[in-house]
Amino acid sequence: MKRTCFVFLLSIFLSSFVFADTIAINHFVIKENPFAQNEIAVVATDSSENILENVSGVFSFSVNGFDEPLTFDKGTAFYRHKIDKSTFMYIKHVNDSGTHSMLYYIYKHDSKIDTFHISWILLLAIPIVLVLLAYAFKRFIIIALILFCVFLYFNHHNGLTVPTFFESIIDGLKGLFH
């Protein structure tokens, strides 16, 4: 009895010295899935956009507000939902080092998908420039309001809601201070 208890305690003590190297996804890009039509792939990259092939396993992502477990194999995971039309896609991943999010515009034409990363700075700059132009040129107020409404309609029609718009800007500002 003492021997089994000693072996058990010794194995617990020795197992505390064994640590696994944690794999974290801090950067990722969205690309067209080369194996399926109208689908995209999430690729784990480093800061210079080189694929991290050591990333394998299931990671939790939020895609347009819906939690999606993505299975990575050699740095690539496939998002298995079909893209029917051009749309915005807001993808967020939370890990120990913080929140990592990206806003993409997925442009679908013919049978091909092109992805464009949209910076939070651009999202913030467009309304600010419209307000500054309206303030500088009083005759431009009506045109600025019409352009702002077109901007809001385009965003809403393609799936970029107001909360996602502000969440993308806030996440970008948080990234400045980390």
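A salt bridge is a side-chain nitrogen of Lys or Arg within 4 Å of a carboxyl oxygen of Asp or Glu. The model is predicted: local features need pLDDT of at least 70, side-chain atom pairs count only at pLDDT 80 or more, and totals for chains, interfaces and linings use all residues. Residues are numbered from 1 along each chain as its sequence is written, and side-chain values use heavy atoms, with hydrogens and water left out.

Across the whole structure, a search finds 3 salt bridges.

Select Glu39 and Arg80 to begin. Their side chains form a salt bridge at 3.6 Å, N to O. Glu39 sits in the loop between β1 (27-32) and β2 (40-45), and Arg80 in the loop between β5 (76-79) and β6 (87-95), so the contact ties together parts 41 residues apart in sequence. Strands here are DSSP runs (E, at least two residues), as are helices (H or I, at least four), numbered from the N terminus.

Colour by accessibility next. Buried means under 20% relative accessible area, exposed over 50%, and partly exposed in between (1.4 Å probe, protein chains only). Glu39 is buried at 7%, whereas Arg80 is exposed at 56%.

Lys82 is in the loop between β5 and β6, 43 residues from Glu39.

Now move to Lys92 and Glu167, whose salt bridge spans 2.5 Å, N to O. Lys92 belongs to strand β6 and Glu167 to helix α4 (residues 162-176), so this pair ties together parts 75 residues apart in sequence. Lys92 is partly exposed at 21%, and Glu167 is partly exposed at 28%.

Finally, select Glu39, Arg80 and Lys82 together: salt bridges with shared partners join them into one network.
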